[in-house]
Amino acid sequence: MATAPALTDLLRMNAENAKGGSSYASNSSLQKRVILKSRPVMEDSLKDMLGNRTFPSCIKVADLGCSSGPTAFMAVSEVIKIIYEICKEQNRKLPEFQVCLNDLAGNDFNAVFRSAPAFCEGLKRDMAAECYVSGVPGSFYDRIFPSNTLQFAHSSYSLHWLSQVPENLENNKRNIYIGKSSPPDVFKAYKEQFKKDFSKFLGLRSEEMTSGGRMVLSFMGRSVEDPTGKECCFMWEILSKSLLDLVSEGLVEEADVESFNLPFYTAYKGEVREIVEEEGSFAIDKLDSIELIMGNDVTLAEKSQRLARSARAVSEWLVANRFGNNIVDKLYGRFEGIAADKFSVENVKFVNIIVSMTKK
């Protein structure tokens, strides 16, 4: 009997050649906005880290969950620009940069590497910056760097993905995530899995980072304690409804839907603070949330198409593994129709947690 694929083999964003314009590269505008919104936090963190102390000759920067496409180099580019500006202000020599781009092994690293030479050449041309890029495949829920080597770590739009689907979700009927009809123990299971994963993430990074190293993280969250609010579950409720529609048409088995749950969690700001303080490796410098509205500048049809393509870009591998490739086009087509109905009566905000920390 064949062994089921591990989650690390399935949890990947769609590559550049994905069908129907559903690549992550083409559907990451929200992620770009979050990186730009978090730039002031990165700037404060780097200014405080470097201050008036002696600069290292080489600064090692890691982006955790880099994916591929336009966002792969976006955050590290901002980090290098900020350090360049600090050096100009203080009349200091710009250090060299070692940039480590991390994601799961299934990530489209080929696309990342194709972009690397132009990225490095642009930095050298514009800032006389020497930059050396490497790809680091592996889960950030494991050790991925040598001890005491990282000065700055960044992660955007990755930590809402869990290391595994929580256990004991058998009674989460007709839901693929936390829904309004989910019993309380489902929320508890998700919350406990996030705490376990985030605590482990912090502990591992503390081993890899130098003393006083900084970390800036942004990930999807929620602004209310209720985990079933539309800002937390909107996209996955639509995907769940789309799957159930295919059940009614006989294209998908209901038992398969009822046993399918996503390894995903939107945390509340208070939870994040509590976990960081309890784990103890880092001190919080700033903890905030930002709210973004999707697609106010486009028509209803364009907005629903954007959401459907975004959902497909991040979930297709998981869905196809469970239900087969033959239902994928119909499923996300149905998703787009349901999204249009919902968008016709309401706008939905996406809440993002941003946290800046210093290694103790």
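Reader: Which helix is Glu 258 found in?
Author: Glu 258 is in helix H8, which covers residues 254–258. Keep in mind that this model is predicted.

Reader: What does Glu 258 touch, leaving out residues up to four places away in sequence?
Author: Its contacts are Asn 172, Lys 173 and Arg 174.

Reader: And how far apart are Glu 258 and Asn 171 in space?
Author: They are 8.4 Å apart, C-alpha to C-alpha. In sequence, 87 residues separate them.

Reader: Where does Asn 168 lie?
Author: Asn 168 sits in a loop. That loop runs between strand S4 (150–156) and helix H6 (184–208).

Reader: Is Asn 168 buried or exposed?
Author: Exposed. The cut-off is over 50% relative accessible area. Asn 168 has 55% relative accessibility, so it counts as exposed.

Reader: How far is Asn 168 from Lys 196?
Author: The C-alpha atoms are 16 Å apart. Along the sequence, the two are 28 residues apart.

Reader: Which elements give two or more residues to the lining of the largest cavity?
Author: Helix H7 (230–248) and strand S8 (349–359) do. H7 gives the most, with seven residues.

Reader: Can you name some lining residues?
Author: Among them are Met 220, Trp 236, Phe 264 and Phe 350. Lys 230, Glu 231 and Lys 349 are also in the lining.

Reader: Zooming out now. How many helices and strands are in the chain?
Author: The chain has 11 helices and eight strands.

Reader: Why is the chain called as compact as a globular protein of that length?
Author: Its radius of gyration is 21 Å, and the globule rule gives 21 Å for 360 residues, so the chain is as compact as a globular protein of that length. The C-alpha atoms fill a box of roughly 65 × 50 × 40 Å along the principal axes.

Reader: What share of the residues counts as buried?
Author: Of the 360 residues, 56% do.

Reader: Last one: among contacts between residues at least 6 apart in sequence, what share joins residues at least 24 apart?
Author: That share is 83%.

Technical notes: Residues numbered from 1 in each chain as written. Predicted model: local features only at pLDDT ≥ 70, side-chain atom pairs only at ≥ 80, totals over all residues. Heavy atoms only, no water. 1 Å grid on protein atoms, 1.4 Å probe; cavity = no way out; pocket = protein on both sides within 12 Å on 5 of 7 lines; lining within 4 Å. Helix = DSSP H or I, 4+ residues; strand = E, 2+ residues; numbered from the N terminus. Rg over C-alpha atoms; globule rule 2.2 N^0.38 Å. Buried < 20%, exposed > 50% of the residue type's maximum accessible area, 1.4 Å probe, protein only. Contact = heavy atoms within 4.5 Å.
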